[in-house]
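Okay, thanks for coming, everyone.

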Amino acid sequence: MYPTREEAEILLIDAAKCNPGAWVGHSKTAAHCAERIAFYTGMDSEKAYVLGLLHDIGRKFGVSYMRHISDGYTYMMSLGFDDAARICLTHSFYGTDIGTYVGKTDTSEEETEMIRTKLAETVQDEYDELIQFVDSIAGTEGVMDIIDRMDDVKSRYGSYNPGMRENNLRLKDFYEQKMGMDLYVAVDKDNYRP
Ligand SMILES: [Fe+2]
């Protein structure tokens, strides 16, 4: 349950009007990377693109930290896009532990509880993993080196979950092996601009 490419692009354009910012370019880059990796690894590249494009859609509702997760989840569920909603929920955590979030908790008690409950109930698959991964290479102006991007997040938010960091580096190797090519070549790091 997720929108078409065209519908997803319209949702992002609309969201960008409500709350313009660096997150829009980041979302486009994430979608691009997800599409490429999915293509080369035999996953559904259209689905990967759409889920990548919408993972931060909760930012439509203003500048926020943890709240962009609950806002995105609620928004996508309200449109019937369950898969996109799940990605809004899972992309910022390592596994099902809400404590792995990097950033401020600006959610209400109810919102925090909803995130905790839904996250625990969620069955994650290779698309959750893929979007978590592309989040770690998607910059505002293009594809970033994975270490630079994780260090950048760490410097802006104060920390980066060590398990998540290790997992992203493991995924890089995993995808490269599966694709039979260098990650940055696959996502056209040198040339792609959102
Ligand atoms: Fe993101």
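Let's start in α4, where H68, I69, S70, D71, G72, Y73, Y75 and M76 are buried. By buried I mean under 20% relative accessible area, with exposed being over 50% and partly exposed in between, using a 1.4 Å probe and protein chains only. Helices here are DSSP runs of H or I with at least four residues, strands are E runs of at least two, and both are numbered from the N terminus.

Some housekeeping: this is a predicted model, so local features need pLDDT of at least 70 and side-chain atom pairs count only at pLDDT 80 or more, while totals for chains, interfaces and linings use all residues. Residues are numbered from 1 along each chain as its sequence is written, and side-chain values use heavy atoms, with hydrogens and water left out.

Back to α4. What sits over its buried residues includes α1 (5-18), α3 (45-54), α5 (82-90) and α6 (109-121). "Covers" here goes by contact, that is, heavy atoms within 4.5 Å. Does the length of the helix agree with expectation or disagree? The twelve residues, 67-78, should span 16 Å at 1.5 Å a residue, and the end C-alpha atoms are 16 Å apart, so that agrees. The expected span is 1.5 Å times one less than the number of residues. Just after α4, G80 takes a positive phi of about 85°.

**Helix α3**

Next, α3. Eight of its ten residues are buried, so α3 is largely enclosed by the rest of the structure. The buried ones are K47, A48, Y49, V50, L51, G52, L53 and L54, and what covers them includes α1, α2, α4, α5 and α7.

Take V50 as an example: this α3 residue has a relative accessible area of 0%. Setting aside residues up to four places away in sequence, V50 touches Y2, P3, T4, R5 and A8.

**The iron site**

Which residues hold the iron ion? H26 and H55 through NE2, and D56 and D135 through OD, at 2.1 to 2.5 Å. Donors are N, O and S atoms within 2.8 Å of the metal, or 3.2 Å for Na, K and Ca; water is not among the atoms, so sites may look incomplete. The spacing in sequence reads H-x28-H-D-x78-D. H55 is in the loop between α3 and α4 while D135 is in helix α7 (residues 126-135), so this pair ties together parts that are 80 residues apart in sequence. H55 and D135 are both buried.

And the geometry? The four donor atoms make angles of 80 to 166°, and the site comes out as irregular. For the record, four donors are tetrahedral if all angles lie between 85 and 135 degrees; four are square planar, and six octahedral, if opposite donors are over 155 degrees apart and all others between 65 and 115; anything else is irregular.

H26 is in helix α2, buried at 6% relative accessible area. Beyond its neighbours within four places in sequence, H26 contacts H55, D56, D135, A138, G139, T140 and R149.

**The largest pocket**

Now the largest pocket, at about 690 Å³. It has 32 lining residues, and D56, R59, R149, R156 and Y157 lie nearest its centre. Elements giving two or more residues to the lining are α2 (22-41), α7, α8 (146-157) and α9 (162-179), with the largest share, five residues, coming from α8.

How is that worked out? On a 1 Å grid over the protein atoms alone, a cavity is a set of points where a 1.4 Å probe fits but cannot get out; a pocket is an open set with protein on both sides within 12 Å along at least five of seven lines, and lining residues have an atom within 4 Å of a point. Points are joined across faces, edges and corners, and the volume is the space filled by probe spheres set on them.

**Last stop: the end of the chain**

M181, in the loop between α9 and α10, is partly exposed at 23%. The C-alpha atoms of M181 and Y40 are 9.1 Å apart, though 141 residues separate them along the chain. D188, in the segment after α10 (183-186), has a positive phi near 55° without being a glycine. Most residues other than glycine have a negative phi.
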